[in-house]
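Dear colleague,

I am passing on the structure that we spoke about, and you will find it just below. My notes on what was found in it follow after that, arranged by topic so that you can read them beside the model.

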Amino acid sequence: MVDRRARVGGLSGGALMSTLTVPAVPGGMPADPSVSIFDPVHVGVDEFGHPVRVPLIYRNLLIGGEPGGGKSTLLNLIVAHAALSPDCRLCLLDGKQVELGQWKSCADVFVGPDITHALATLRRMQIVMDNRYAYLEVAGRRKTQRDDVFSPILVAIDEIAYFSATVGDKKTREDFAGLLRDLVARGRAVGIIVVAATQRPSSDIIPTSLRDLFAWRCAFRCTTNVSSDIVLGHGWADRGWSSNTISPTNPGVGLLIAEGGTPQLIKAAYLDDAACARIAIHAARMRANRKERAA
């Protein structure tokens with residue numbers, strides 16, 4: 001197999017920012033950006049330098065890899081797109097508080113290192129999901145649409161293992177894993193998109209029954225072929241697709257796979273903290289202005 005590692009070019013935060021540029025209006029107030037969660041999310045470039053865009057509506061995304069490999073980079077790209085989408089609500093769970101903390105002002109719910117709050121939030125999401133299915137049943141439809149009465153919700157989780165294997169007792173961890181599995185399994189048709197990341201891609205954190213529910217999966221550098229296969233699916237390492245071959249000096253490079261597809265080598269676009277802060281400030285202001293106009 002051809003070594004693809006050196007062929008993946010980088011994409012700076014400035015280059016990504018150009019895809020998120022917000023037009024100005026008289027008086028210096030930025031206009032609402034023409035971004036929607038129904039639009040594919042720009043995540044970076046492939047090995048030939050072509051842009052890679054991931055459609056997330058009606059889908060979910062699993063991200064795994066060792067610390068510093070690029071998980072948080074990809075997660076923040078997706079949250080940035082969702083924050084700038086007026087038709088999307090944000091539900092953020094972050095055991096470290098700081099990986100997604102800059103987006104707190106844009107979120108309907110922000111959960112820190114609190115398993116009780118995390119469980120309550122997922123149970124609320126489960127109720128929302130059931131109510132939306134009841135609506136669709138009455139309407140005689142099978143999935144939500146762009147012009148529906150309710151907005152899609154992005155549920156972003158940084159570090160599944162913190163909530164499902166570290167904090168709390170065995171029962172609370174099992175409850176979290178069960179609620180997450182149900183949300184991933186049933187939520188996408190009613191506009192609930194789950195994007196979950198972990199730096200511990202092991203079978204106890206990501207069992208096959210959970211992994212296979214994610215339409216999109218991305219493995220950044222992993223320490224073993226087994227860990228790579230836990231994210232991408234069994235057997236890909238034997239066929240020459242293992243994130244263990246990604247150089248540790250090339251952060252942001254990962255293998256991205258969709259349902260029924262073949263892994264694709266990508267380089268995630270990078271937003272530094274300052275860029276994330278600027279986007280978050282604008283997105284929070286935009287959302288506040290829309291609420292005021294709707295009141």
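**Notes on the model**

Of the 295 residues of the chain, 52% count as buried. Please keep in mind throughout that this is a predicted model. The secondary structure of the chain comes to 8 helices and 10 strands, and, among contacts with a separation of 6 or more, 68% are between residues 24 or more positions apart.

In soluble globular proteins, nonpolar side chains tend to be buried together. Here the largest nonpolar core has 47 residues, and the members that touch the most others are L61, L74, L90, L92, W103, L154 and V195. Helix 2 gives the most to this core, namely 8 residues.

**Two pairs of packed helices**

Two packed helices are described by the angle between their axes and the distance between the axes. For helix 2 (residues 71-83) and helix 8 (residues 273-294), the axes come within 9 Å and cross at roughly 25°. Since angles under 35 degrees count as roughly parallel, helix 2 and helix 8 are therefore roughly parallel to each other, and helix 2 passes helix 8 in a left-handed crossing. On the side of helix 2 the contact is made by N76, A80, A82 and A83, and on the side of helix 8 by C276, I279, A283, M286 and R287. Sorted by class, this contact has 7 nonpolar, 1 polar and 1 charged residues.

The other pair is helix 3 (residues 115-139) and helix 5 (residues 170-186), whose axes come within 10 Å and cross at roughly 30°. Helix 3 and helix 5 are therefore also roughly parallel to each other, and the crossing in which helix 3 passes helix 5 is left-handed. Among the residues that make the contact are L119, L122, M129 and Y133 of helix 3, together with F176, L179, L180 and L183 of helix 5. By class, the contact of helix 3 with helix 5 has 11 nonpolar, 2 polar and 5 charged residues.

**Some residues in loops**

Q97, in the loop between strand 4 (89-94) and strand 5 (109-111), has a positive phi of about 75° although it is not a glycine. E159 likewise has a positive phi of about 75° without being a glycine, and its place is in the loop between strand 6 (153-158) and helix 4 (160-166). Are these two residues buried or exposed? Q97 has a relative accessible area of 42% and is therefore partly exposed, whereas E159, at 13% relative accessibility, counts as buried.

Two aspartates may also be worth a look. D39 lies in the loop between helix 1 (13-19) and strand 1 (41-46), and counts as partly exposed at 27% relative accessibility. D39 and L56 are 17 residues apart in sequence, with 8.0 Å between their C-alpha atoms. D212, for its part, lies in the loop between helix 6 (208-211) and strand 8 (216-220), and counts as partly exposed at 45% relative accessibility. The C-alpha atoms of D212 and A185, which are 27 residues apart along the chain, are separated by 9.5 Å.

With best wishes

Note on methods. Residues numbered from 1 in each chain as written. Predicted model: local features only at pLDDT ≥ 70, side-chain atom pairs only at ≥ 80, totals over all residues. Heavy atoms only, no water. Axes fitted to C-alpha atoms, helices over the stretch in contact; angles between N-to-C directions. Helix = DSSP H or I, 4+ residues; strand = E, 2+ residues; numbered from the N terminus. Parallel < 35°, antiparallel > 145°, perpendicular 65-115°, else oblique. Left-handed = near helix turned anticlockwise from the far one by under 90°. Contact = heavy atoms within 4.5 Å. Nonpolar A, V, L, I, M, F, W, Y, C, P; charged D, E, K, R; others polar. Core = buried A, V, L, I, M, F, W, Y, C linked by side-chain atoms within 4.5 Å. Buried < 20%, exposed > 50% of the residue type's maximum accessible area, 1.4 Å probe, protein only.
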